[in-house]
Amino acid sequence: MNKVGFFQSIRLKFIIIYILLLLLAIQVIGVYFAQQLEENLMINFQNSINERLELLSYNLEQAMTAERTEEGPTLQQDVQNILFDFDSNDIAELQVIDNKSRIIGTTNQLDQNLIGKRITEYRIKRTLLLGSEDVRIMLERERGDRTLVMSIPIYRNQEIIGAIYLEATLEGIYDQLDQINQIFANGTILAITISALVGVLVARTITKPIAEMRKQSQLMAKGDFTKKVKVYGNDEIGQLAVSVNDLNDQLRRAQATTEGERQKLSSVLSNMTDGVIATDRKGNVILMNEPASRLIGYDFEEVKGKNIIDVLDLTERIKDIGQLHKEGVILIDFSDENQDLILRSSFSIVLDENETVDGFITVLSDVTEQEKVEQERREFVANVSHELRTPLTTMKSYLEALTDGAWQDQEIAPRFLKVTQNETERMIRLVNDLLQLSKMDNKEHRFTKQRVNMVPFIHSIIDRFEIQKHEHIVFKREIEDEPIYVEMDPDKITQVFDNILSNAIKYSPEGGTIVIKTHNDREEITISVTDEGVGIPKGKVSKIFERFYRVDKARSRNLGGTGLGLAIAKEMIDAHHGHIWATSKEGQGTTIIFTLPVSKWKRGKQQ
Ligand code: ADP
């Protein structure tokens, strides 16, 4: 938290403003007061001088007009006496001039020699001539002293008989003014000091709540909404404090809501099966959920801040981030040697309140299974078309040959007709097999299960095959004697045996042995059919249960196979909750093994 220094604080500003306002007020009062005081003192001083001058003027007039005798005092002596009586501290010099411009008396001891001499002063001359009073304030240059200089006429019956010249020092008044100003200055300093102290206290009452609110807002910015500011009153600052507290409450509620939403979002994100990756407007990853990290095989920390195009390995298909949204949905192959993985990624943009792109959301879903099914479906359609086209083409060419005249040939015609008959039968078989598979796919196939003892059941099937006596094949039975009961649909399991045994016969050499073996472990019965035939190459053994898969296509077709027998067998064993698989060594023979769960019901009674 930044601390505000005293010199930047609002408190100092308050104090400075107070003092400046106070100084301004004192200054205005001071100037007005000093001017008025000076004016009044001057007027009073002049009035007192004037009053005294009136008396002096009267006395001088009497003296100047009095009859003079030889033995009586001279005019100068009389004037001098009057002047001495008149003399006072504030009057620096007083001269009396007769109407002939001669000085007849002065109070200045040093100027006594001037008595009887004519004055040259222009202003006195003017007073003597015109009777005009002259009043001036003169400033002495060197010491800066101010002096009141007056020259007034002395009348007798309207006739000017002389003049009085007076110099009175004004320093007394200005000393008084200086003293008053000094008192005023001291008062000002005192007032400023007191108001500065009061200002500190007053400013504190304003700045304290502000400082508290500042602290509170800093806490709020850090996400701490536990504290509240104190409300000191109902003024603007008090109301501001109430507003700050309200804001605090609202922010706390908003934050709680946001936090709740965030947690909801995060639990939705982590519990959904689809992967979600969010990026900023440049496409750099800012969020990724657990399923996304599982699908792409990177932790969030590994891809954080990296570009989505690099993360999803789309650099070859996508040049810039804007293209992602245009593409909408992209299938990405993440398969490696260990597993197949195809991801469907759909991209959408996030807009901010100004409708500009703020980021991208990528939803990843694992569509490996869907793609596989789709692929299988495509392959299936291709296979069916292919399987039907071959016999149809054969039939077409044979029928064309017959139409072209071969029907007349007694030797060729029956052979050609036999071929078309065989192909027709093969197509019927194929269609029947397909129908059967399709029914099982759609779960339409009904099983009528019953409890069957497997031992006589297997023997009867082998017996049937022995009666047909295929190419001198020898059937060897390694079948346990103890009855083994299985809950099953006998027709369907017969079909399974027929498929496996006919394959064993088909791929066995002349005089080969086929071993039929059972093993009962009380939980399930394992039945194996082993031949000494061509066998199956190692990598292809597991594939023989796939639809239309044939190791040797031409051979199988020649032997009348559809490539669907083992696929049907597998579906049927699965429907009986068993397993089927094969082991084989190329050139040495093949073993087809399947299991069926043993029925435990009434087992004791049956035995
Ligand atoms: P088909 O009608 O072609 O026999 P199946 O589904 O019954 O179709 O068998 C699939 C393929 O598995 C056959 O084409 C064959 O290549 C192989 N196969 C099945 N049984 C044997 C066996 N006993 N010996 C060798 N190959 C076999």
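Colleague: How much relative accessible area does Arg477 have?
Modeller: Arg477 counts as partly exposed. That class lies between buried (under 20% relative accessible area) and exposed (over 50%), with a 1.4 Å probe and protein chains only. Arg477 falls there because its relative accessible area is 27%.

Colleague: What pLDDT do side-chain atom pairs need in this predicted model?
Modeller: Residues are numbered from 1 along each chain as its sequence is written, and side-chain values use heavy atoms, leaving out hydrogens and water. The model is predicted, totals for chains, interfaces and linings use all residues, local features need pLDDT of at least 70, and side-chain atom pairs count only at pLDDT 80 or more.

Colleague: Which residue meets Arg477 in a salt bridge?
Modeller: A salt bridge is a side-chain nitrogen of Lys or Arg within 4 Å of a carboxyl oxygen of Asp or Glu. For Arg477, the N to O distance is 2.6 Å and the partner is Asp463.

Colleague: How many residues apart are Arg477 and Asp463?
Modeller: Helices (H or I, at least four residues) and strands (E, at least two) are DSSP runs, numbered from the N terminus. Arg477 is in strand S12 (residues 474-478) and Asp463 in helix H12 (residues 454-468), so the pair links distant parts of the chain, 14 residues apart.

Colleague: What is the distance in the salt bridge of Asp249 and Lys228?
Modeller: The two side chains meet at an N to O distance of 3.2 Å. Asp249 belongs to helix H5 (residues 236-271), while Lys228 is in the loop between H4 and H5. Asp249 counts as buried because its relative accessible area is 15%. The N to O distance asked for is 3.2 Å.

Colleague: Are Asp134 and Arg136 buried or exposed?
Modeller: These two residues form a salt bridge, with the closest N and O atoms 2.8 Å apart. Both Asp134 and Arg136 are buried.

Colleague: How many salt bridges does the whole structure hold?
Modeller: The pairs above belong to a longer list. A search of the whole structure gives a total of 27.

Colleague: In which strand is Val135?
Modeller: Val135 is partly exposed because its relative accessible area is 40%. Its C-alpha atom is 34 Å from that of Ile26, 109 residues away along the chain. Val135 sits in residues 134-139, which form strand S3.

Colleague: Which residue is the bridge partner of Ala278 in S7?
Modeller: Two strands pair if DSSP finds at least two bridges between them. Strand S6 (residues 275-280) and strand S7 (residues 285-288) have three bridges, in the antiparallel sense. The hairpin has four residues between the strands, and Gly283 takes a positive phi near 95° there. In S7, Ala278 is bridged to Leu287.

Colleague: How much of the ligand's accessible area does the protein cover?
Modeller: The ligand is surrounded by 21 residues, the closest including Asn503 and Asp531; a residue counts if one of its heavy atoms lies within 4 Å. A polar side-chain atom of Asp531 lies 2.8 Å from a ligand nitrogen, and a polar backbone atom of Gly563 is 3.0 Å from a ligand oxygen. Accessible areas come from the Shrake-Rupley method with a 1.4 Å probe; for residues, only the protein chains shown count as cover. Of the 520 Å² that the ligand has on its own, the protein covers 97%.

How values were computed. A polar contact is a pair of N or O atoms within 3.5 Å; within protein, one must be able to donate a hydrogen and the other to accept it, and residues adjacent in sequence count only if both atoms are side-chain atoms.
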